[in-house]
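Colleague: Could you walk me through this model before I set anything up with it? I'd like to hear about confidence, then the packing.

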Amino acid sequence: MMDSQEKALEQEQNVEQNVVETATPAPEAEVTETPEAEVAAPEEAPVAEPERKQYQNKKEVLARAREIAQGEEAPQKEEVDYLKTAFYKLHIAEREARLKEYIDGGGDPEAYQILPDEDEEAFKAEMGIIKERRQKLFKEQEQEKQENLQRKLEIIEKIKAMVTSPEEANKSYKEFKALQEEWKEIKNVPAEKANELWRNYQLYVEQFYDLLKLNSEAREYDFKKNLELKTKLCEAAEKLAEETEIISAFHQLQKLHQEFREIGPVAKELREEIWTRFKAASTVINKRHQQHFEELRAKEEDNLARKTALCEKVEAIAAEENKGSADWERHTKEIIAIQAEWKTIGFAPQKMNVKIFERFRAACDDFFGRKAEYFKGLKENFKENADKKRALIEKAKALQDSTDWKSTSDKLINLQKEWKTIGMVPKKLGDQLWEEFLGACNKFFEARNAAGASGRGEEYQNLEKKRGIIEQLKAIATETGDGLQEKVQQLVEQYQAIGHVPFKEKDKIYAEYHAIVDKLYKELNISVAKRRLSKFKDNLRQVAERGGDALDNERARLMRQYEQLKSEVQTYENNLGFLNASSKKGNSLIDEMNRKVQKLKDEVQLVRDKIKAIDAENREKE
């Protein structure tokens, strides 16, 4: 029962409007031949949405609901529905924000509880009052419509009685005019009775006028006055074609139709003409109105297509694998950008608007829900990594005062290697832990260096030897003649055989040495391979200083590279056997492949020399 009342209440403010939109008055002389379809408003044209207030928070919505519930104005269904939508949109956004804050703060999503909301309870109470008022208003309006229907039926019966007594027509003229005025004052009637009621009324009004013979002067005056009024309505309807606001023009036309109905007949010979003019003006406005809503529907279909595409984008992003935090953050930015684009798109068709939003929201919720789970696990992983690093700090601190220089050095170096294998922790905490760990390591190494200061004399001797070789190399740069390449190579080998220099001089002497060596290599055209081998040997000692299996690991890597290069050389040489050098192009391809083979062989030789250098270093250590 209440569903039917709610439905009827939607039309409560404009029943007469509905009548106008579904039927247009026919020419007075031909009531039964109304060309309604030509001027009637489109039956399925959607109602234009009024511009709604944008509420910033729930309290603003609640205040408006309370104003309607406690005030005197009639509750409008469209606004009531809009208030519900606005309130729960804000309510859900607040709830999701609180959940996100809870999870970001380390809370357990499964333990989260939604607390009662005072604003929601108050809003429900006010909406209950509004619903009761609407039910009461509906009953009152229905009662009023029935009373109006009865009054109009009585007026029709009275005019019908006048028509059946032609001899009394002139005497009843004043009463007839009074009945017409009373008819105008009566407003809403049940919509399903409105058209039939109007046709009967118009029929008997016209018949009464046709009976007025004795008082033709009064009748002609009425006809003239009605013609003037209807002509003005035609002019007003024609002027509406210039109105830029299509919806406004359509509603103004409906008012003109209502006025046209209320005006009495014109002279019989002018009825068709005045009606045709008014109908033509109405057709222009109705076609513009119809076209407007066709364009609106097309726009809504386009919006639906765009929103569907955005749903597919979010669903595709949500389906992608996220290998780490960077992927989650990158995809988050993409989805937020899509959400911003979604807000710029207007409504989809009414039957799909809620469904497409629910699809979009489900895809977003799926992504952000899994992201929350990931970062929850990441937080636990951070804690585990931090605990591991704290354990290494304790071990380093336990070793920082040791004087067993060799054994403790190896242990701290192994701790440093283990530190590198531990995963990430938050940057601020990570910096703090690293500083603490580094402090313990530095304390030991500084003590070791201080204790070994007495043994640094050999390092300074090595420094002087290397400086002497550098000076010899600089002297060669000014010489000319044969054998310079051999001299350079001998000095390079001597330099590489010299041991360590003081740490603070290491980088400086290294840079000075390579500056002169690179210059000589370039000027004497010593091969790139020899230069690379020379640099490799220089760096070999630094690799050896790392201790452990550093040299063995490097040798294993070079052996893998050596085998790979040999395989590539074999492949190219096999391919050369299939090439035909009879053409110019074929000959060019063979030359190019020969160059590649030679380059690979040079690389093989270089790798072989590097392996030999490592073997020599290992023998020297033994």
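This is a predicted model: local features need pLDDT of at least 70, side-chain atom pairs count only at pLDDT 80 or more; totals for chains, interfaces and linings use all residues.

Colleague: What is the mean pLDDT of the protein?

Modeller: The mean is 76, and 79% of the residues reach 70 or more, where pLDDT is the predictor's confidence in each residue, from 0 to 100. Over residues 1-49 the pLDDT is below 50, although this stretch has 107 contacts in the model beyond near neighbours in sequence; contact here means heavy atoms within 4.5 Å. Residues 581-585 also stay under 50, and for them the model has 3 contacts beyond four places in sequence.

Colleague: How many helices and strands does the protein have?

Modeller: There are 21 helices and 0 strands, taken as DSSP runs numbered from the N terminus, with helices being H or I of at least four residues and strands E of at least two. Of the contacts with a separation of 6 or more, 79% are between residues 24 or more positions apart.

Colleague: And what share of the residues is buried?

Modeller: Of the 622 residues, 36% count as buried, which is to say under 20% relative accessible area, with exposed being over 50% and partly exposed in between (1.4 Å probe, protein chains only). The accessible surface comes to about 38,000 Å², and 50% of that belongs to carbon and sulfur atoms; the areas come from the Shrake-Rupley method with a 1.4 Å probe, and for residues only the protein chains shown count as cover.

Colleague: Which residues have the most contacts inside the largest nonpolar core?

Modeller: They are Ile155, Ile159, Phe176, Trp183 and Tyr201, in a core of 22 residues. By nonpolar core I mean a set of buried Ala, Val, Leu, Ile, Met, Phe, Trp, Tyr and Cys residues joined through side-chain atoms within 4.5 Å. Helix H6 (118-163), helix H7 (173-185) and helix H8 (191-211) are the elements that give two or more residues to this core, and H8 gives the most, with 8 residues.

Colleague: What is tryptophan 183 in contact with?

Modeller: Leaving aside neighbours within four places in sequence, tryptophan 183 is in contact with Lys152, Ile155, Ile156, Leu197, Trp198, Tyr201 and Glu262. Lysine 152 lies over the face of the tryptophan 183 ring, at 4.4 Å from the ring centre; a charge sits over a ring if NZ of Lys or CZ of Arg is within 6 Å of the ring centre and within 35 degrees of the ring normal.

Colleague: And where is that glutamate 262 found?

Modeller: Glutamate 262 is found in helix H10 (residues 246-262), and, not counting residues up to four places away in sequence, it touches Trp183, Lys184 and Trp198.

Colleague: Switching to rings, how many aromatic pairs does the structure hold?

Modeller: It holds 16 aromatic pairs, where rings of Phe, Tyr and Trp (its six-membered ring) pair if their centres lie within 6.5 Å, and planes under 30 degrees apart count as stacked, over 60 as edge-to-face and the rest as tilted. The pair of tryptophan 342 and phenylalanine 360 is stacked, because the ring centres are 4.0 Å apart and the planes are at 15 degrees. This pair links distant parts of the chain, with tryptophan 342 in helix H12 and phenylalanine 360 in helix H13, 18 residues apart.

Colleague: Are those two buried or exposed?

Modeller: Tryptophan 342 counts as buried at 9% relative accessibility, and phenylalanine 360 is buried with a relative accessible area of 5%. Another pair, phenylalanine 444 and phenylalanine 445, is edge-to-face, at 5.2 Å centre to centre and 75 degrees between the planes.

Colleague: Last one: where is the place of alanine 348?

Modeller: Alanine 348 is in the loop between helix H12 (325-344) and helix H13 (350-399), and it counts as buried because its relative accessibility is 3%. Leaving aside neighbours within four places in sequence, alanine 348 is in contact with Glu300, Asn303, Leu304, Lys307, Asn353 and Ile356.

Note on methods
Residues are numbered from 1 along each chain as its sequence is written. Side-chain values use heavy atoms; hydrogens and water are left out.
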